[in-house]
Amino acid sequence: MATSNENANRELARLVPVASNGLLHRREFLNRALSFATAATTGLVVARAVPAEALTDPKWSLVNGAPIPPYQTPSKYAAKVVRTLANPNNLPKVSQSRTPHHLMEGTLTPNGLHFTIVHAGIPDIDPDQHRFVIHGLVKRPLEWRVEDLMRYPLVSRFAFIECGGNSAPLFSPTPIQADVQALHGLVSCAEWTGVRLSTLLEETGIDPRAKWFIAEGADAPHLERSVPLWKAHADALIALYQNGEPLMPGNGFPMRLVLPGFEGNMQIKFLRRIKLLAEPGMSYYEAQVYTEPLPTGKAYQFFFLSEVKSFITFPSYGFKLPAPGLYQISGLAYSGLGKIKTVKISADGGKSWATAALDGVPRDKAFTRFRLPWHWNGGPAILQSKAIDEKGNEQPTRAKFVAERGELATALSVMAFPNHHFNAVMSWAIDSRGEITNVYA
Amino acid sequence: MSTHSGLTLIALIFAASAPALAADTPNLGAAISEQDVAEWNLNIQPTGEGLPPGSGTAAEGEKIYTVKCAGCHGLKGEGGLGPPLISNHPIRGIDEGTVVLSGYMPFASPVFDEIRRAMPWQSPRSLTDNEVYALCAFIFAGSGLIPADKVLDASNLAQIPMPNRNGFIVRFPKLTPPFKAP
């Protein structure tokens with residue numbers, strides 16, 4: 001039987017970094033607990049600054065607690081885990097709220113924290129009076145009530161939804177110092193339950209001339225986008241439920257279009273109308289807002305996809321590493337083209353890479369959590385993550401990305417969307433004090 | 001008559017009256033005519049298809065603009081809380097492309113479409129079609145794209161020459177059904 005010393009030596013032998021600057025093998029944390037003895041032997045942990053003391057009953061252990069509320073909300077001690085609001089006073093302009101990914105874990109965004117963008121406030125829609133119609137190049141235009149759709153075969157799937165403008169601050173010529181929430185908070189991931197759009201199109205029938213559909217919302221902007229009809233047959237969903245409960249008002253109650261992997265703005269909330277067409281509708285949002293000007297003077301149109309992407313949520317801007325030692329790097333990866341296959345991590349600004357552990361089984365067009373143990377030696381480090389999806393698409397370096405897509409002439413507000421669909425590798429620099437900054441590396 | 005042939009008869013009648021009902025879905029949708037969808041059928045195609053009857057001029061549009069639009073879009077359409085509307089200069093780099101409205105959009109139709117469906121911000125759908133034509137005339141005349149005295153209507157709005165008409169590249173041609181914009 002192996003002695004604890006032999007076990008420690010064996011684990012020590014395994015703690016060979018797999019990439020430079022302290023990146024350890026992905027199995028160190030996940031498949032086996034890294035024993036404290038081993039970690040201590042190797043100098044990977046330092047003693048906690050506050051020593052343990054004799055335990056007593058705290059006050060909350062000595063009185064009865066509060067009654068159960070009908071709908072529970074987070075602990076008041078988690079009050080900072082909330083969305084940030086770009087337009088809290090509902091001025092006549094777009095309103096955004098961002099998901100606090102740096103304060104969250106796992107892969108599923110709770111409904112209260114799912115990002116929301118509305119262009120003219122959140123509508124108050126009575127589901128009993130809401131009507132949804134499919135018309136245009138169909139054989140039979142049909143109208144449904146919410147209660148009708150509830151009786152259809154329902155399907156559930158996980159899907160991330162990302163605003164085209166997520167991470168847009170990284171188009172700036174100099175790195176904007178802001179946290180993950182500010183930079184990457186316009187993406188969330190939920191389990192959506194609803195009726196396949198293809199099921200409803202079976203009932204309306206499709207005129208063979210139809211190649212596109214437009215979807216329109218019932219809120220004040222009557223927001224409309226054009227979608228290729230193939231997406232309806234592929235995986236478009238008329239969602240009624242979000243993480244098991246009715247859709248949140250800011251996320252489309254009572255029904256929304258979910259187009260897994262496509263730009264968030266196309267996934268029409270408060271859905272009231274779908275019209276099949278031979279040609280795209282060319283609404284303001286696709287003729288202007290969600291086009292992407294290029295350095296050549298031309299602009300991309302019909303971008304549709306959120307391409308493969310990842311970002312590190314810990315360590316990240318706003319945190320400070322208290323002392324050298326063992327940390328777990330954690331982050332999110334996703335691709336609008338399928339499942340995440342691999343995430344690689346660098347601690348030296350992209351010179352060497354280690355393969356991260358993927359937590360759970362990656363899902364199609366949904367968040368995948370990645371993690372990797374890292375021994376910070378107290379020196380400078382630049383952490384990067386690079387995701388690769390099942391189709392072999394790889395996140396580009398920022399240099400490669402801006403060579404094609406361009407870089408802004410001046411840094412704009414972190415809230416501005418001067419351009420969209422940024423998916424390049426991002427970098428967090430850690431200095432010798434443990435301070436973390438956004439850098440271009 | 002056997003039960004079996006009776007069912008067959010019912011099936012035949014059913015098939016004859018509604019030949020294309022989807023077999024495996026609930027069929028709970030109510031038939032609705034295009035006429036009954038008309039109030040919601042707002043989209044204007046780049047060809048001008050969908051433009052309603054009516055007309056307007058820049059002079060009429062300026063009066064409406066000053067009262068209902070300038071608060072957000074600026075006295076001269078230069079932008080404010082809302083995006084700038086009046087401009088025709090070419091894009092100068094990726095910073096400003098998406099904020100230059102009529103100098104950037106490939107078609108005139110989205111200007112009518114968006115004003116009619118979404119503006120004014122505080123009271124969408126409150127403008128008459130004549131007022132929407134007039135506001136379009138004000139924006140396009142101010143941007144130098146039509147003569148100041150042009151009467152815009154369904155016959156000519158889609159014909160306005162847009163300077164950035166050929167400025168766009170489809171990002172993923174394989175994912176994008178071909179379309180022949182006018």
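A:I430 stands opposite A:I436, a residue of β24(A). Strands here are DSSP runs of E with at least two residues, helices are DSSP runs of H or I with at least four, and both are numbered from the N terminus. The strand β23 of chain A covers residues 427–430, and four bridges join β23(A) to β24(A) in the antiparallel sense. Two strands count as paired if DSSP finds at least two bridges between them.

This is a predicted model, in which local features need pLDDT of at least 70, side-chain atom pairs count only at pLDDT 80 or more, and totals for chains, interfaces and linings use all residues. Residues are numbered from 1 along each chain as its sequence is written, while chains are lettered from A and ligands numbered from 1 in the order in which they are written.

Stay with the sheet for a moment. β23(A) and β24(A) belong to an open sheet of five strands in chain A, with the order β19-β18-β22-β23-β24 and antiparallel pairing. Its edges are β19 (354–355) and β24 (436–439) of chain A. Each has a single partner strand, so one side of each is left without a neighbour in the sheet.

How far can you trust chain A? The score to look at is pLDDT, the predictor's confidence in each residue, from 0 to 100. Chain A has a mean pLDDT of 92, and 92% of its residues reach 70 or more. Residues 35–44 of chain A are another matter: pLDDT stays under 50 there. For that stretch the model has 19 contacts beyond four places in sequence. Two residues are in contact if their C-beta atoms, placed from the backbone, lie within 7 Å. Where pLDDT is low, the predicted coordinates should not be read in detail.

Now find A:T73. This residue sits in the loop between α3 (36–41) and β1 (84–85) of chain A. Is A:T73 buried or exposed? A:T73 is exposed, because 9 other C-beta atoms lie within 10 Å. The cut-offs use C-beta atoms placed from the backbone: a residue with 20 or more others within 10 Å is buried, one with 12 or fewer is exposed, and anything in between is partly exposed. A:T73 and A:G112 are 39 residues apart along the chain, and their C-alpha atoms are separated by 9.0 Å.

Next, the domains. Chain A is assigned domain 1 (131–300) and domain 2 (309–439); such bounds come from an automatic or database domain assignment. Their C-alpha centres lie 27 Å apart. The contact between them takes 30 residues from domain 1 and 31 residues from domain 2. On the domain 1 side, β6 (155–162), α5 (180–184) and β14 (292–293) of chain A each supply at least two residues. That side divides into 20 nonpolar, eight polar and two charged residues. Nonpolar means Ala, Val, Leu, Ile, Met, Phe, Trp, Tyr, Cys or Pro; charged means Asp, Glu, Lys or Arg; the others, Gly among them, are polar.

Turn to chain B. It has seven helices and four strands, in the sequence pattern α-β-α-β-α-α-α-α-α-β-β. Of its 182 residues, 36% count as buried. Take its contacts between residues at least 6 apart in sequence: 60% join residues at least 24 apart.

How do the two chains meet? The contact takes 57 residues from chain A and 52 residues from chain B. α8(A) gives the largest share of the chain A side, four residues. The chain A side divides into 30 nonpolar, 13 polar and 14 charged residues.

Within the pair, A:V133 stands opposite A:E143. β5(A) also pairs with β1 (residues 30–31) of chain B, antiparallel, over two bridges. There, A:E143 has B:A30 as its bridge partner, and A:L142 stands opposite B:A31. The covered face of β5(A) holds A:L142 and A:W144, the uncovered one A:E143 and A:R145.

Last comes the core. A nonpolar core is a set of buried Ala, Val, Leu, Ile, Met, Phe, Trp, Tyr and Cys residues joined through C-beta atoms within 7 Å. Of the 143 residues in the largest one, A:F213, A:I238, B:L135, B:C136 and B:A137 touch the most other members. Helix α7 (residues 129–142) of chain B gives the most, 10 residues. Domain 1 and domain 2 of chain A each supply at least three. Beyond its neighbours within four places in sequence, B:A137 has contacts including B:G56, B:I146 and B:L152.
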